[in-house]
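Here are my notes on this model, as numbered points. Please read them with the structure open.

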Amino acid sequence: MGCGGIGWIMEEDSGPRKILEYSVNCPVCGSSMIVEEYLYDMPMVGKVIISTGKCPRCGYRWSDVRLAEPRGPRRIVYRVESPDDVNALVIRASTATIKIPELGVEIKPGPAAKGYITTVEGIIIDVLEKAEFLCSDEKASLEKCREKIELLKKARDGQVEYTVVLEDPEGVSAIISSKARIEKLEDEGGD
Ligand SMILES: [Zn+2]
């Protein structure tokens, strides 16, 4: 007990229950891998299903998280206006797209997309690491990179205001905050 990649969620009182096991093809090497699903009752969030699997051949780890009760296609709009706002918990299912227009960020779900529980800060740190990696390419424009990284660092520290938009056609993602605004997700565009 106590080890494993998602150990921090495994609180003794919420008692994760294994509800399902099935096999899928590894998105990296195509060999068969077992996925296990667990049901958790998370404080402030409610019932959440976590699924994890590891490919026995190439070692690829897959994980996803989603609300146990789908809320229908929806867009969650969350404004970061002060440093504390970056601490809001985000349940990002693998079906969700994350957009942060002010920072030029768009994370789309791909075939190997993972779902995870993080915070707004966690998302920004992730984007920051990717930007730093891309900027290490010698073909990258130094000035643009420096600008982008500066902006992301300010965003991480809550020093600039921005909007996190989580679009989930399955309605199984969430941002846990009373400030989060829920909109119906219809077709793209709108007004
Ligand atoms: Zn594999």
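1. Start at Val164. The model is predicted. Setting aside neighbours within four places in sequence, Val164 is in contact with Tyr78, Val80, Ile98, Ile100, Val120 and Ile175.

2. Val164 belongs to the largest nonpolar core, which has 31 residues. Val164 is among those with the most contacts inside this core, along with Ile91, Val120, Ile124 and Ile175.

3. Which helix gives the largest share of this core? Helix H1, residues 120-135, does, with 5 residues.

4. Where does the core sit relative to the domains? Domain 1 (7-67) and domain 2 (74-184) both contribute residues, so the core lies between them. As background, nonpolar side chains in soluble globular proteins tend to be buried together.

5. Secondary structure next. The chain has 12 strands and 2 helices. Read along the sequence, the order is β-β-β-β-β-β-β-β-β-α-α-β-β-β.

6. Now contact range. Take contacts between residues at least 6 apart in sequence: 65% of them join residues at least 24 apart.

7. Burial, over the whole chain: 26% of the 191 residues count as buried.

8. Overall dimensions. The C-alpha atoms fill a box of roughly 50 × 40 × 35 Å along the principal axes. The radius of gyration is 18 Å. A compact globule with 191 residues would have a value near 16 Å, so the chain agrees with that expectation.

How values were computed:
Residues are numbered from 1 along each chain as its sequence is written. This is a predicted model: local features need pLDDT of at least 70, side-chain atom pairs count only at pLDDT 80 or more; totals for chains, interfaces and linings use all residues. A nonpolar core is a set of buried Ala, Val, Leu, Ile, Met, Phe, Trp, Tyr and Cys residues joined through C-beta atoms within 7 Å. A residue is buried if 20 or more other C-beta atoms lie within 10 Å of its own, exposed if 12 or fewer, and partly exposed in between; C-beta atoms are placed from the backbone. Helices (H or I, at least four residues) and strands (E, at least two) are DSSP runs, numbered from the N terminus. Domain bounds come from an automatic or database domain assignment. Two residues are in contact if their C-beta atoms, placed from the backbone, lie within 7 Å. The radius of gyration is taken over C-alpha atoms; the globule rule is 2.2 Å times the number of residues to the power 0.38.
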